[in-house]
Amino acid sequence: MSHLYGKYGAEIVAFRPAMKSWCESTDSCKFTDYEVEMVYMLIREYKPQRVFEMAPNKGYSSHWILKALHTNDRTSKLYSYDIHDRSVENMSKQLKHRWEFTLGDYEELLKSGQLDMSGFDFIFIDALHTEEFSRGYCSKLLHPHKNRAIVAIHDIVADKFGGGRESSEVYKYLAFANNTKHVFTVSRFAMPTLLDPVLNAVEQLNKIRATNKIVAPCKDDNCKNALYDPLYFQNNDAPTLFFQVN
């Protein structure tokens, strides 16, 4: 963790003011600091060429993904899919030329051949939070995937027991799939894994972020608070689950 923040922390610091202004103008940044920083750093580290995003909403996560891609190279692209197009009107003019948005339901797009998952090497999912829906994307998007890819699924590790609204079906997939590894989370409840959480992980992470000037210097016990010095969203439970397929 400290290695990644040491490499990319200054970039996060530089981009935060622009995203804070964006959040204030759109009032739509329900994705926590720990999560978005990790998504950004993983894209910078692994340098995917084709990123799949399900349900960008107004585009907060899309901006961070695109910023990482622009910093990486001149060829990689983000492909976002949603059942509404509110992200289109809120997309930065400086980033949008490396972005392709498709309006529609992913299942219908799969059936019609308009969505081909085979080339994606980073997969970000944040959509309808039901067990039925997560069962669908696990079986239709993740299980058949043949290429190596980093996967990030939002709203999985959402409580102190490691559960969430759609988490059970994702955990079932991970338990029985033979193509997944390196599972971790930055959830304040279970960092880095549900089976082996680190004591004082939140405090350690905030100290790393403070050292890299992403947040203010720690004083007293304030770095023990997951919600220490937030960018905008007043929540940092960080329920995203990260893992690799293939």
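A charge sits over a ring if NZ of Lys or CZ of Arg is within 6 Å of the ring centre and within 35 degrees of the ring normal. The legends below describe a predicted model, in which local features need pLDDT of at least 70, side-chain atom pairs count only at pLDDT 80 or more, and totals for chains, interfaces and linings use all residues. Residues are numbered from 1 along each chain as its sequence is written, and side-chain values use heavy atoms, with hydrogens and water left out.

**View 1. Arginine 50 over two rings.** Arginine 50 lies over the face of tyrosine 79, at 4.5 Å from the ring centre. Arginine 50 also lies over the face of phenylalanine 120, at 4.8 Å from the ring centre.

**View 2. The pair of phenylalanine 15 and tryptophan 64.** Rings of Phe, Tyr and Trp (its six-membered ring) pair if their centres lie within 6.5 Å; planes under 30 degrees apart count as stacked, over 60 as edge-to-face and the rest as tilted. By this rule there are twelve aromatic pairs. In one of them, phenylalanine 15 and tryptophan 64 have ring centres 5.0 Å apart and planes at 85°, so the pair is edge-to-face. Phenylalanine 15 belongs to helix α1 (residues 2–26) and tryptophan 64 to helix α3 (residues 60–72), 49 residues apart. Helices (H or I, at least four residues) and strands (E, at least two) are DSSP runs, numbered from the N terminus. Both phenylalanine 15 and tryptophan 64 are buried (under 20% relative accessible area, 1.4 Å probe, protein chains only).

**View 3. The pair of tyrosine 79 and phenylalanine 120.** These two rings are edge-to-face, 5.7 Å centre to centre with 70° between the planes. Tyrosine 79 is in strand β2 (residues 77–82) and phenylalanine 120 in the loop between α5 (106–112) and β4 (122–125), so the pair ties together parts 41 residues apart in sequence. Tyrosine 79 is buried, with a relative accessible area of 10%; phenylalanine 120 is buried too, at 0%. Phe52, Tyr79, Tyr81 and Phe120 form one aromatic cluster.

**View 4. Lining of the second largest pocket.** A pocket is an open set of points on a 1 Å grid over the protein atoms alone, where a 1.4 Å probe fits, with protein on both sides within 12 Å along at least five of seven lines; lining residues have an atom within 4 Å of a point. The lining is Leu4, Met38, Leu42, Tyr46, Ile150, His182, Phe184, Phe243 and Gln244. Elements giving two or more of these residues are α2 (33–46), β6 (180–185) and β7 (241–245). The largest share, three residues, comes from α2.

Terms used:
Buried means under 20% relative accessible area, exposed over 50%, partly exposed in between (1.4 Å probe, protein chains only).
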